[in-house]
Amino acid sequence: MQLKNVKLIYLREMRDQLRDRRTLFLIAVLPLLLYPLLGTSFFQLTQFLQKVEARVLVVGTRQLRGADWLPPLIQDNRFDLKLFDQPEWHEKIELFSPRDFPELADDLRKGRSLPVPGAAPEASADEAAFDAAAKELLDSGKVEAVLVFPNGFEERLSDVRRALVEREAADATAFPEPIILYNSADDKSQVTQLRVEQILRRWRNEVTAENLTASNVPVEATTPFELRPRDMAQMQQRQAAVWSKVLPFFVFIWALTGAFYPAVDLCAGEKERGTLETLLTSPALRREIVWGKLLTVMTFSVVTAILNLGSLGMTGKFVIDNLSKSGAFGQAAEAMSMPPLTSLLWLSVALVPISALFSALCLACAAFARSTKEGQYYLMPIMLVTMPLMMLPMSPGVELNLGNSFIPVTGMVLLLRSVIEGQYALVLKFVAPVMAVTLACCLLAIRWAEEQFNRESVLFRESERLELGRWLVHLVRDRQATPSFAQAALCVAIILITQFFVSLSAGMAGDFDFAFLAKALLVSQLACIFAPSMLMTIMLTREPAKTLLLERTPRWSHLLAMVALALALHPVVVAGANQITKIYPVPEATEQIAESIGSALDGAPHWLLALALMSLLPAVCEELAFRGFILSGFRHVGHKWWAIALSAVAFGLVHTFLHQKISATMMGMVIGYIAVQTESIWPCILLHTVHNSLQLSAHKLAQAVEANPESPLAFLLGGEAPLLYRTSTVLICAAVAAAILWSLHGVRYSRTAEEQLEEARQRSDSPLLGA
Amino acid sequence: MIEARNLSKVYADLHRGPFVALDGLSFSAKAGEVYGLLGPNGAGKTTALRILSTVLQPTGGTAIINGFDVVTQPSQVRAHIGFMSANTAVYDRMTAWEMVEYFGKLYGIEDERLRERMELLFDRLQMQEIRDLLGAKMSTGMKQKVSIARAIVHDPPVLIFDEATNGLDVLVARSLLEAVAELRDQGKCIIFSTHIMREAERLCHRVAIVHHGRLLAEGEISELREKHSQHDLEDLFFDLIRANEQRLAAGATAG
């Protein structure tokens, strides 16, 4: 691939897009206008909101005016100023009395004779009249709340005071309480009700304080102590916490939408305009064309995100400044401020890989589409897939750990969040997995896009009528010797889905014993893995033996080499697993399950049976599925290492626990390589079985050695730092394993048609150096 | 120069079953001649030419162009051919000069030499007025000139024209044919597909007649006329087609 051509194509596409005035307007000018417009509207809205008033009708205040020992509640049609936390509300709440509503005044005054709670609940006509009048006022919006002090309220207060001052026991009879009527369906009414409640509570505290002082009891009798929380987070941290949740999400959304429309235009649009065929007859490689277009889409993605971010930032700064000046939101406005500069810097850095990922994804979908119309429809599925991934980190409890860092977009968002919050140590730990996954997804998407540029049915817009029946018949009748790439991918999906449903329907056992473990394993291996792959092999391939790699008899040298390889790999794998556990510890739940599995195995009737269950059964089922059907299908991609990698990842996904997944993927690479080079499934099964058995037995043997220090294995496994797992042994074993694998390197193995074509092209199709 | 060996192309179609677009097509063309590929619509001409230009992959057989195999050495092949069809459009938002320059650079011509070559081409094809005209604003004739310039900017030894006169009026079509004749006289190997017999008679020395993906007849026009005792190429063409259709019908009922 020549960078010169990529650059040529990139520059041409950029110039082409920039000459399209409408696109430029949508991408560049619109955000610059949109956010200030939104900001101004928002600002005006807040100004409008500030004018909201709250009107409260108060019934029965006359009795309160009589008692002069009571702290003041109402003065001049407003609640007393001292009762408010936020002084600005003092003016906003306006008080009315029944006199102000002459038509309903009679009914309203009846509120004073509301019955005492706990007394006989007979609905009197008076009550009904009062309720109707109050409801009418509330519904019509003339008042936001109604506060009623029934008759006898002041009497009760005085009783309590007297009892306290004269140290007499008061009668614990039911007594009238103030009632607040409001309309919860109306926001204003709800807010008013809350305010009035707050005010009355304050007033109640003042009455209590008054009473206690009058009876020579210290006020602290009711509140012996106060609790004062003190926030240790610095202002920056608090601000960062707010922005770290919101910013990555928005920036990624802009990056996605900024990538989508150019991608559709560059691929599907070019097909429609007829210029694609012209480009395809030039010496530019398909890969160069894809990369040139990818860089164009990435540029648009990054620029869109930055322009939107900048415009929103400017507007935000303006709005926040003005809000805090006008004191509209009070404390809230102080807590909000512009995100710190370092966050913005990190955001820009993270923008590159994320827009690469989104651009590759959009380009792949756009290349697959046959027309711009079809291409536009793909935005919805892309959003449906990426939005949950972006929103997942916003839920509480989702944090940056090993499991989450392997999820494509989510890991990136979490990483970015940690960076914005300044947790650099944490970030360093997880940068590698997140970047690796992002890069892998990018490359996969790019490879898919390249493939689309080669597929004729997509290039030349041939339409098909979808007829399911015919298509299914065609699949079986016209099946090939080995499965296609798509069929292999489908098999992986079916295995994962079956596993999911089986795990849902499996209940928790009463006893986690060997019988239960055996049943669980049999079901998960046979039903979830063996059955789907075997069924698909029989139905969709013409040569099942070739697909499952059962055709060739394995060489004895290979089989022996596999046993040696398994032995050599054991210390390496254990050492590797230990290293990984050191950096990313195993969660406790997983350890507990591992322990229960261990003890279940102890209860096996015979240890060979346990080994057969945990080693032989999975080996056979998984190898036939993953190195048989699935690898044979993936090999039609044209590069054996891509096929091996994909089958290894699929193999890893099928395992339950995270650390198992990682070691399974790496093991899958080795076994896949062996499957390709030896062209037989038997070495794979052998390697898998021996490897699993060693893993299982090592623990047992170590325990046996501890119990019996004289045993012959003591020198390998005994002591604090067993010989088997020391660094020197590990290195030697690694070298041995590498040597065994290298010896397979030169073996002649058969290639698929696609691999042969690729190799022929690599050999003879070198880039030209001038016409 | 161009050698097609047993080219086959089979499409899987749900309705028609496996559809054979090309069935073992073999022919060859030399330098300094225009080789005509004649046939009705749907004969497989476009498929064959797309295979020659490496845009499609054959399902069987191969083709050698200037010593390079279209299947295993596609980018080498593309460096040595110029392809023009009714489907190869010009970019809406590029000027004529920019478009030809873009492809010139993709063909790897250095800047100075490219500029000289383009000046020469623009003069010869009388494109100086449309030099700075955007593609969207060009007439059909202008677009066609740009396409020709684009196809020959790198002076390829092999040229492929796929129904290039489709949709062109008589004047413009005639000027295209003159340009092709000129290129032939320069020693290029040209393969020219059409379904208009007059063009073939004017331009081609040797032709191949294709129907339903199979080669019905091949050779110099004069020889074909003698062999089938038909002076008019169009009548000759009809005879061959009819005979083939009868044969196919007989085969279908028998088989």
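Author: Buried here means under 20% relative accessible area, exposed means over 50%, and partly exposed lies in between (1.4 Å probe, protein chains only). The model is predicted, so local features need pLDDT of at least 70 and side-chain atom pairs count only at pLDDT 80 or more, while totals for chains, interfaces and linings use all residues. Residues are numbered from 1 along each chain as its sequence is written, and side-chain values use heavy atoms, with hydrogens and water left out.

Reader: Which residues of helix 32 of chain A are buried?

Author: In helix 32, a DSSP run of H or I with at least four residues, A:Glu755, A:Ala760 and A:Arg761 are buried. The buried residues of this helix pack against helix 27 (640–654) of chain A together with helix 2 (74–79) of chain B, where contact means heavy atoms within 4.5 Å.

Reader: Why does A:Arg447 count as buried?

Author: A:Arg447 counts as buried because its relative accessibility is 13%, and the limit is under 20%. This arginine, A:Arg447, lies in helix 18 (residues 424–454) of chain A and, not counting residues up to four places away in sequence, touches A:Val637, A:His639 and A:Trp642.

Reader: What makes the pair A:Asp20 and B:Arg93 a salt bridge?

Author: The rule asks for a side-chain nitrogen of Lys or Arg within 4 Å of a carboxyl oxygen of Asp or Glu, and the side chains of A:Asp20 and B:Arg93 meet at 3.8 Å, N to O, so the pair qualifies. Across the interface of chain B and chain A the rule finds five salt bridges.

Terms used
Chains are lettered from A and ligands numbered from 1 in the order in which they are written. Helices (H or I, at least four residues) and strands (E, at least two) are DSSP runs, numbered from the N terminus.
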